[in-house]
Amino acid sequence: MSAGNLGLLQATDRNGALVGWHDIRHWPVTVGRSLQADMVLDDSHVAAEHLRIDRSPEGEVLVQVLDTVNGVALNRAQHGRDTQFTWPPGETLTLGRLKLGLRLAEEPVVAEEPLPHFPWRTVGWTALAVAGMLALVVGQSWLTLTEPSQLARQLPGLVAVVVMAVAVWAGLWALATKLFTHRLQFWRHVRIACTSSLAIQFVSTLAGMLAFMFSLESLARFELPLVLLGTAAAIYVHLTVIVPQRRRGLAGLVAGVAVLGIVAMLGTNWLQNKRLSNKLYMSTLYPPSLRMAPAVPVTQFLDEAGAIRQRLDERLKDREPDSDTPEDPDVD
């Protein structure tokens with residue numbers, strides 16, 4: 001049956017790039033790699049005649065899976081050879097490594113989108129994120145300097161290093177985004193880098209403050225795993241810009257790598273120092289007025305200090321050379 005243009009089939013790759021289309025002028029329509037198919041696809045995972053698309057008298061779109069090994073996927077449902085199913089409007093089919101979309105002639109056309117104007121809001125957020133990153137680095141440098149006058153001499157070089165580091169980091173991610181999505185997205189990666197750095201520093205500072213306030217030393221001792229988790233979250237956000245269709249898989253991959261990294265780090269600390277943490281004490285002290293935990297009695301403090309001294313003495317004793325071992329006469 002022919003009745004003008006009845007619809008449009010569009011095939012896209014995993015990154016959403018259009019790789020083929022077909023104007024539907026009759027029903028049914030066959031899709032496959034064969035030149036006898038109505039819509040020819042260039043994918044080795046697609047059969048010669050992969051599927052047939054037809055319309056029922058009630059107007060439903062019916063898909064008949066033909067002689068194929070890989071079948072057809074609709075959402076999470078897999079349909080094998082010689083099966084038939086209804087194709088709901090607005091959904092896409094997966095065959096091989098391609099996605100197939102259908103637009104019928106009777107479907108309403110989406111309203112025209114206005115051309116984008118200058119993104120003042122995006123520029124504002126970017127400038128705010130960069131300014132916050134610079135303020136963080138300058139503030140940390142000021143706290144570590146013994147003479148505040150040194151900051152004025154080091155400020156130009158410090159700002160240049162920070163800007164260069166952010167530009168290189170965001171530039172590499174932007175290059176990967178350009179390769180996969182054909183869009184640069186440089187300033188978006190700049191915002192992600194600066195915002196994630198601020199968030200990681202905030203979480204680290206909050207953990208140290210809570211450790212000081214409530215005597216939760218473990219929060220301060222395990223600061224590095226928190227930083228690693230924050231870095232993994234930032235990398236995940238960068239990756240979702242490159243491959244937005246694979247968020248769940250990327251989340252599992254990044255989480256798995258982060259967990260393995262933390263386990264390896266804790267195991268290394270245990271093998272080297274016989275403890276999981278690489279810190280013996282809190283490196284930052286806050287004003288005493290922030291303390292919420294009750295004061296430790298003097299006797300308890302002395303007992304704990306004595307236990308620490310005993311452990312240190314035992315460790316030093318283990319490291320001393322054995323007196324029964326004869327010295328090498330050749331050693332001067």
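**Figure 1. Overall view of the predicted model.** Of the contacts in the protein with a separation of 6 or more, 45% are between residues 24 or more positions apart, a contact being a case of heavy atoms within 4.5 Å. This is a predicted model, in which local features need pLDDT of at least 70 and side-chain atom pairs count only at pLDDT 80 or more, whereas totals for chains, interfaces and linings use all residues. Residues are numbered from 1 along each chain as its sequence is written, and side-chain values use heavy atoms, with hydrogens and water left out. The protein has seven helices and 11 strands, where helices (H or I, at least four residues) and strands (E, at least two) are DSSP runs numbered from the N terminus. Its radius of gyration is 32 Å, while a compact globule of 332 residues would have one near 20 Å; the radius is taken over C-alpha atoms, and the globule rule is 2.2 Å times the number of residues to the power 0.38. Along the principal axes, the C-alpha trace spans about 95 × 55 × 50 Å. Buried residues make up 27% of the 332 residues, with buried meaning under 20% relative accessible area, exposed over 50%, and partly exposed in between (1.4 Å probe, protein chains only).

**Figure 2. The open sheet of five strands.** The strands follow the order E4-E3-E5-E6-E9, and their pairing is mixed; two strands are taken to pair if DSSP finds at least two bridges between them. Strand E4 (39-40) and E9 stand at the edges with a single partner strand each, so one side of each is left without a neighbour in the sheet. Strands of a sheet pair through backbone hydrogen bonds, either parallel or antiparallel. Strand E3 (residues 29-32) pairs with strand E5 (residues 51-55) in the antiparallel sense over three bridges; Val29 has Ile53 in E5 as its bridge partner, and Thr30 stands opposite Arg52.

Figure 3. E5 pairs in the antiparallel sense with strand E6 (residues 61-65), and five bridges join the two strands. Arg52, which stands opposite Thr30, also stands opposite Gln64 in E6. Five residues lie between the strands of this hairpin, in which Gly59 takes a positive phi near 95°.

**Figure 4. The surroundings of Leu9.** Leu9 lies in strand E1 (residues 2-12) and is buried, with a relative accessible area of 0%. Residues up to four places away in sequence aside, Leu9 touches Gly20, Trp21, His22, Ile24, Val29, Val31, Met39, Ile53, Trp87, Leu100, Gly101 and Leu102. One of these residues is Val31, which is 22 residues from Leu9 in sequence and 9.7 Å away in space, C-alpha to C-alpha. Val29 and Ile53, which are also among the residues that Leu9 touches, are bridge partners in the pairing of E3 with E5.

**Figure 5. The two salt bridges.** A search of the whole structure finds two salt bridges, each defined as a side-chain nitrogen of Lys or Arg within 4 Å of a carboxyl oxygen of Asp or Glu. In one, the side chains of Glu106 and Arg55 meet at 3.1 Å, N to O. Glu106 lies in the loop between strand E11 (98-104) and helix H1 (120-144) and Arg55 in strand E5, so the pair ties together parts that are 51 residues apart in sequence. Glu106 counts as exposed at 51% relative accessibility, whereas Arg55 counts as partly exposed at 23%. In the other salt bridge, the closest N and O atoms of Arg81 and Asp67 are 3.3 Å apart. This pair links distant parts of the chain, 14 residues apart, with Arg81 in the loop between strand E8 (77-79) and strand E9 (84-86) and Asp67 in the loop between E6 and strand E7 (72-74). Arg81 counts as partly exposed at 44% relative accessibility, and Asp67 as exposed at 56%.

**Figure 6. The two aromatic pairs.** The structure holds two aromatic pairs; rings of Phe, Tyr and Trp (its six-membered ring) pair if their centres lie within 6.5 Å, and planes under 30 degrees apart count as stacked, over 60 as edge-to-face and the rest as tilted. The rings of Trp169 and Trp173 have centres 5.9 Å apart and planes at 70°, so this pair is edge-to-face. Trp169 and Trp173 are four residues apart in helix H2 (residues 150-181), a separation of about one helical turn. Trp169 is partly exposed at 38% relative accessibility, whereas Trp173 is buried at 15%. Phe186 and Trp187 have ring centres 5.1 Å apart and planes at 75°, so this pair is edge-to-face.
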